[in-house]
Structure formats: structure tokens, C-alpha cells
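I opened my notebook to look at the helices today. Here is what I looked up, entry by entry.

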Amino acid sequence: MAGAPSATSEKLLAAILVSLDDDKAEEVVQIDLRGRSEMGDYMVIASGRSSRQVAAIAEHLTDKLKQEYGVLSKTEGKETGDWVLIDTGDVIVHVFRPEVREFYQLEKMWAPQGAAADAFR
């Protein structure tokens, strides 16, 4: 997109966190993947209260990233709204309904060893 500002992974992360907050996403967690995975620099995990809210959060986020940063995100799962994956390249975003998030527990898989034990008591 001509004229769009280039976005570092940190700028994208900040924009994503603002968008999630604006859309009332709950329990937002960010995980630094740098040096741990080649899939991206950051992972963000958030919850919406319903399938409708999960889909709306994902839609607003992808629209904002496209309009403000020229980032075309790949999305999966928006049709059902149980778990939407948004891949921006540098930042991977997961938006879940609470029950689905609890089932998959991605935070436990990606959190640093010591933090995982403390964060989930």
C-alpha cells in the first residue's frame, strides 16, 4: 500500500494491543517469541465473551492493520468465531471464546518455564 507507514513488529504489537483494548477483548496476554520461534516475533492471546465478539474483534483488527499499516493479515476461523487466528507475519494473534481458550491453554505452551507455573495458579 503506497504511502502507508512501515511497521516494525513492535509498532504492530502496539497497534494490536490498542485495537484489542478498544474492542473490549479480555485477558490479553503478549508473549515474546524472539529467539524462541521462527514463526514471528510476538504472540498475542485474547478472549471475547461470545462468538460474535470474537469475530468482530478479529474483523476490526485486520481492517485497522490494513488501513493504518498496509498489512494484509491471514485469518482462519472467523466464520465460526470460536478461535480466530490472525497472522500478520511478525505478530500472531489468537482470539478465543473463553471455553475454547481454556481447552487449548496456549499460554502454558509458550510462556517461559518459571512464569507458566506462577501465571496459572
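Before I start, a helix here is a DSSP run of H or I with at least four residues, and helices are numbered from the N terminus. I also note that this is a predicted model.

**Entry on α1.** I looked just after α1 and found Lys24, which takes a positive phi of about 65°. Then I checked the length: α1 has 14 residues and reaches 20 Å from its first C-alpha to its last, close to the 20 Å expected at 1.5 Å a residue. Next I listed its buried residues, which are Ser9, Leu12, Leu13, Ala15, Ile16, Ser19 and Leu20. They cover an arc of only 165° around the axis, so they sit on the same side of α1. On the other side of α1, I found Asp21 and Asp22 exposed. I also saw what the buried residues of α1 pack against: β1, β2, α2 and β5.

**Entry on α2.** I did the same for α2, residues 51-69: at 1.5 Å a residue its 19 residues should span 27 Å, and the end C-alpha atoms are 27 Å apart, so the two agree. Its buried residues include Val54, Ile57, Leu61 and Leu65. Among the elements covering the buried residues of α2 are α1, β3 and β4. After α2 comes Gly70, with a positive phi near 70°.

**Entry on Lys64.** Which side chain of opposite charge is nearest to Lys64? I found Asp22, 4.5 Å away; Lys64 is buried yet has no salt bridge, and a salt bridge would need the two charged groups within 4 Å. Lys64 lies in helix α2, and its contacts beyond four places in sequence include Ala15, Val18 and Ser19.

Note on methods:
Residues are numbered from 1 along each chain as its sequence is written. This is a predicted model: local features need pLDDT of at least 70, side-chain atom pairs count only at pLDDT 80 or more; totals for chains, interfaces and linings use all residues. Side-chain values use heavy atoms; hydrogens and water are left out. Helices (H or I, at least four residues) and strands (E, at least two) are DSSP runs, numbered from the N terminus. The expected span of a helix is 1.5 Å times one less than its number of residues. Buried means under 20% relative accessible area, exposed over 50%, partly exposed in between (1.4 Å probe, protein chains only). Contact means heavy atoms within 4.5 Å. Lys and Arg count as positive and Asp and Glu as negative; His and the chain ends are not counted. The arc is that of the directions from the helix axis to the C-beta atoms.
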